Amino acid sequence: MGGNKTELYVPNHVGIIMDGNGRWAKKRGLPRYVGHTYGAQTFKNITRYISKRGVGILTLYAFSTENWKRPPEEVNAIMKIFRQYLVDSLTDFRDDDIKVVFIGDRSVFDPKMIDLINETEEVAKNRKGMLLNIAMNYGGRDEIVRAVKLICNDVRDGKITPDDITDNFIKSKLYTGSEPDPDLIIRTGGEHRLSNFLLYQSAYSEFYSTETLWPDFKAEDFDKAIEEFNRRSRRFGGV
Ligand code: IPE
Ligand code: IPE
Ligand code: MG
């Protein structure tokens, strides 16, 4: 493939595992939370860039159901950044027409934060541009457990019979609902694992890992991922 961006196919749904904030800070002799502050800046810049590149759906992994295991100082710092983001985001992304949605179990957050989450989604709900899913207290297994419970309730209430349970029906009970599966999942920070991200939806996603730590991730790094994606042969089990 040549270097001409316009020739490249831009995937419709991109997921990003934003990893490496802590190591970025450590390399500079700074406390881990500083990495998260810089990471939040990258999140805003790169989201705008990706929306301009014509991606339809961007799903960003911000905080996993396992990340509560971290020291309370770090969890508190992340929650503070998240709260600040929620305040900013009421107007942020408006000019870019980006529709913001949160996926994950929000019930654990304090009531003020839940209000902010709901308000953020509400002000953005009629926007027509890229859909931005922010995965916050998200876990792929947690999402599947939740879907199974919802389906069991439907059966119990006589709304469906077990024969009605199809792949598409299961998908409809996930946080991402009727959205198409991610075409490309990018992980920064060099690890080669999903860490509980979009387990059901990623069955045929192309996985791209870069050593670049999240706070250093730039438009050029995203472009490299798109170039690599264009070299992949997606067969979905066929030939
Ligand atoms: C990703 O960066 C952000 C979150 C998981 C909240 P990390 O904090 O995991 O950074 P590393 O992987 O320790 O460098
Ligand atoms: C994955 O990163 C979660 C997010 C980026 C939000 P982690 O740093 O939590 O993943 P592990 O612990 O390296 O698997
Ligand atoms: Mg990490």
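Predicted model: local features only at pLDDT ≥ 70, side-chain atom pairs only at ≥ 80, totals over all residues.
Residues are numbered from 1 along each chain as its sequence is written, chains are lettered from A and ligands numbered from 1 in the order in which they are written, and side-chain values use heavy atoms, with hydrogens and water left out.

**First stop: ligand 1**

Select ligand 1 and display its surroundings. The shell holds 13 residues, and the closest are Asp19, Gly22, Arg23, Arg32 and Arg70; a residue is near a molecule if one of its heavy atoms lies within 4 Å of it. By class, this shell divides into 3 nonpolar, 5 polar and 5 charged residues. In this scheme Ala, Val, Leu, Ile, Met, Phe, Trp, Tyr, Cys and Pro count as nonpolar, Asp, Glu, Lys and Arg as charged, and the others, Gly among them, as polar.

Next, colour the helices. The elements α1 (21-27), α2 (32-52) and α3 (72-88) each supply at least two residues of the shell around ligand 1, and α1 gives the most, with 3 residues. Helices (H or I, at least four residues) and strands (E, at least two) are DSSP runs, numbered from the N terminus.

Now look at the oxygen atoms of ligand 1. A polar side-chain atom of Arg70 lies 2.6 Å from one oxygen atom of the ligand. On the backbone, a polar atom of Gly22 is 2.9 Å from an oxygen atom of ligand 1, and an N or O atom of Gly20 lies 3.3 Å from an oxygen atom of ligand 1. Taken alone, ligand 1 exposes 380 Å², of which the protein buries 86%; such areas come from the Shrake-Rupley method with a 1.4 Å probe, and for residues only the protein chains shown count as cover.

The space taken by ligand 1 is the largest pocket. On a 1 Å grid over the protein atoms alone, a pocket is an open set of points with protein on both sides within 12 Å along at least five of seven lines. A molecule sits in a pocket if more than half of its atoms lie within 2 Å of its grid points.

**Second stop: ligand 2**

An N or O atom in the side chain of Asn67 is 2.9 Å from an oxygen atom of ligand 2. For Arg193, a polar side-chain atom lies 2.9 Å from an oxygen atom of ligand 2. In the side chain of Arg187, an N or O atom is 3.3 Å from an oxygen atom of ligand 2. Ligand 2 exposes 390 Å² when taken alone, and the protein buries 78% of that. The space taken by ligand 2 is the largest pocket.

Select Asn133, which lies in strand β4. Asn133 counts as buried, at 0% relative accessibility; buried means under 20% relative accessible area, exposed over 50%, and partly exposed in between (1.4 Å probe, protein chains only). The side chain of Asn133 makes a polar contact with the side chain of Glu179 at 2.8 Å. A polar contact is a pair of N or O atoms within 3.5 Å; within protein, one must be able to donate a hydrogen and the other to accept it, and residues adjacent in sequence count only if both atoms are side-chain atoms.

Continue to Asn137, placed in strand β4 (residues 131-138). Its phi is near 50°, a positive value in a residue other than glycine. Asn137 counts as buried, at 4% relative accessibility.

Asp97 is found in the loop between α3 and β3 (99-103). Phi of Asp97 is near 60°, also a positive value in a residue other than glycine. Asp97 is partly exposed, with a relative accessible area of 31%.

Select Arg141 in helix α5 (residues 140-156). Arg141 is exposed, with a relative accessible area of 63%. The C-alpha atoms of Arg141 and Lys27 are separated by 32 Å, and these residues are 114 apart along the chain.

Finish at Phe222 in helix α7 (residues 219-231). Phe222 is buried, with a relative accessible area of 0%.

Technical notes:
1 Å grid on protein atoms, 1.4 Å probe; cavity = no way out; pocket = protein on both sides within 12 Å on 5 of 7 lines; lining within 4 Å.
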